[in-house]
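Thanks for making time this morning.

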Amino acid sequence: MDERERRGAGRMRSGADTPRRKRPDRYAHGPSGGGPGRRQPGRPGQRKRSSRARRRRRNAVIRWLVFIILIFAAIGGFLIWQRYGASNEKADLEQYYGLDQEDEIAVVVNNEVVREDSDTQTENSEPAPAPGKVYDGQYYIEYSVVRDRINKRFYWDPNENILLYTLPDGNVSVEVGNSEYTELTETKSVDYTILKTDGRTAYIALPFIQEYTNMEYEVYDDPGRAVITSEWGEIQTAEIKRDTQVRYQGGVKSPILTEISKNSKVVVLEDENDWMKVGTEDGFIGYVKTSTLSDMTTETTSREFEEPVYTNISKDYTVNMAWHNVSNSDANSYILETIAGTKGLTTIAPTWFNLADTEGNISSLADADYVNYAHQSNLEVWAVLRDFHGGINSYDETYEVLSYTSKRTKIINQVIANAIETGIDGINLDFELVSTECGEHYIQFVRELSVRCRQNGLVLSVDNYVPQPYNEHYDIEEQGVVADYVVIMGYDEHTEGSYEAGSVASIGYLENGIEDALESVSAEKLIAGVPFFTRLWFETPKTEEELAEQAGTEAASYPNKVTSSAYGMTEAAQVVADAGAQTQWDEETMQNYAEWEADGGTYKIWLEDDQSLEEKLKVIKSNNLAGVAEWSLGMEDSGVWDLILQYVN
C-alpha cells in the first residue's frame, strides 16, 4: 500500500471523509459520536423549539382566556352598573311641575306640589286651570287652590265677577282688574292688580292672599314657582350630611330633581327605609338616601298672625228647642194651644221663611202676635229659613239662588227685615237641597247671614244631617266658627225614599252622629235633634217584572218593595195596638219593635216612645251638648216633657 492509499484508508477509518459531512450545516457543529452515554445528534434543538412552541401556545391560550374574562367582567360590570349604578339623568322640571304654558308657575303648598287634575274639568268641559300664573312679574294663585289648600274663606263669584272675603263684621270685596278693594266700608289700594281672570277662572295675587291668611311664601325662578306654607305645628326636619341629589323617586336610577348641599335643612315627609321623601326649602318634593340625613328632629312651627274673631251668642242655659211646623198663617194662631202642654222648653222654631223663587225672594209667615205670645211664655223664637216646601224644591234651584252674590244678599235683607219687624230672636237655617257643587256658595251664604245676625243681635243656628262623607260640603267646621249653634238632625236614618225598612233614629245613628260632629264643632255649640215621630213600613216581595225593571240599579239588590208613612208617638202606639201586635225591646236600636203580617205583606215599626227617647237623652247629656231639639211639636206624647226636663235642665 503506497502512501496515498494509507492516507485514504486513514481518512476512511477516522470518519473524516464520511457522507455525513454533506448534511446541512446546522448539524455540523454537533457531536459525532453515537454510542451509549452520548447525546444523539439534532435532539437538543428539537426540544428547545417544541418547548418554545408549547410556551407560545400556552401563553396565547392564557391571553385569550384573560381577554375573555375581561370581556365578561366588563359586561358584568356594565350590567351591574346598569342595575345599581347612580343615574345622572336630570328630571324635566316643567314636566315635573306640570307646566304647559309660558305664563304658568308651579305651586307648592305645605310640601305638596299642586298639579292640574286631568280628571277635573270646569263646568264648560274645559281642562282644569293651571294652579298658578304670572302676570307682569306678579305671582297669582288659582282660586280653587286658595280655597281648598290655603284659606277657605276666600270666595269667587264667577257670575258677578267679584271676589269676597268675609270678616266678622262684613265682606272684603274686589273686582276684576283692580288694585283697589273695599274692606267693610273703607276703600283701600295696593300697588298691584289683585284679581285676574282667565274666562271664569280667577287668579288672586299672592301678597293679597297673605294679607288675610296666616301664611308665608317665597317665589323662585327656573322654573317659576311659589312655595307656600299655611299649616303650622309639628314637623319633622333633618340636616343633609353631604352634598347629594334629590331624586324624583326613591332609587339611584330615578331622575335628579335638584342638587342639595351639605348642612341644608329638609322637611322629612315619609320614611321608605333606604330612602326618605323630603321637601326642600325651594319647593322640590323628592327622595334622598336615608344615609345622607342627620339630626332628625321634631320642630314646632308658627307665625304671628291675628286671626279674625267671630263673636257668638251663647245662652247660659241648656237649649231645649222644638220645631213648630207652620204651613199656613192660620197655624200661627194656635201657638198657645201648641205650647200649653210643654215643660222646660226654651225655644220654639216656627217654619216661617222659604225661598219663593230663584231670584232671591222669600215667602214669609212671620207673625208678631205669635212672637209676643211666645215671649210671654218665656220662649225665644228662632224662625226657620228653608229651601224646600216653598216656591223652589230642587238642588238645581238652590244652586241657582246661592251662586249669585246679589241673590244671597236679597234673601238676607228680607229675612233680617222680617226678624226686626216681628221681634224674632234668631234664625234657624234649614237648607237640605245643597249639592256638592253648591257647597262653596252655601257656606258663603252662612258666613254672610252670620254677619247680619251678629250685627242685629240675632241668634243663628244651622241645621245639618249627621256628618257623612256625602255631606262634607256643608262644612260644619266653618259653621261652628261663624254660627252660634250647629244642630245635627239625629233622625232620618231611614226615610220615605229608603229601599228597605228600618229605624228612623237608632241609638247608634245618634251616637255616631254626635261623635263625628264633635270632631269639628265644640260641645257648647252643638245641639242634637231627636224625633217625635216614627215610620210604619209595609213590605211585599218584588215581582219578577219589578226586579227586571230595576236590573243594574241599587234598588235591585233589595228583594222587597217598601212603602212607609210617618206617625207621631201616640198614633204609632195606637197602630200597633189596633193590629194586635206585641212589641219587643230591640237592644241594637234601643227601641221597641213590632211586626205583623196583613194585607199580603209585612208591617214593621220601630217605635219612638219614652224608653227610646230616654236612651237618646242619656247620650246627649253624657256628651255635655249645648242642648236638644225635637221634630216636631204636636207629634209627642205629653209625658215626654217631664222626661226631657230631667236630662236637659
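Asp 282 counts as partly exposed at 24% relative accessibility, where buried means under 20% relative accessible area, exposed over 50% and partly exposed in between, with a 1.4 Å probe and protein chains only. This is a predicted model, in which local features need pLDDT of at least 70 and side-chain atom pairs count only at pLDDT 80 or more, while totals for chains, interfaces and linings use all residues. Residues are numbered from 1 along each chain as its sequence is written, and side-chain values use heavy atoms, with hydrogens and water left out.

The partner of Asp 282 is Arg 225, and their side chains meet in a salt bridge at 3.7 Å, N to O, the term meaning a side-chain nitrogen of Lys or Arg within 4 Å of a carboxyl oxygen of Asp or Glu. Arg 225 lies in strand β13 and Asp 282 in the loop between β18 and β19, so the pair ties together parts that are 57 residues apart in sequence; strands here are DSSP runs of E, at least two residues, and helices are runs of H or I, at least four, numbered from the N terminus. Arg 225 itself is buried, with a relative accessible area of 4%.

By the salt-bridge rule the count comes to 23. Another of these joins Lys 90 to Glu 259, with the closest N and O atoms 3.1 Å apart. Lys 90 is in the loop between α2 and α3, and Glu 259 is in strand β16, so this pair ties together parts 169 residues apart in sequence. Lys 90 is exposed at 52%, whereas Glu 259 is partly exposed at 47%.
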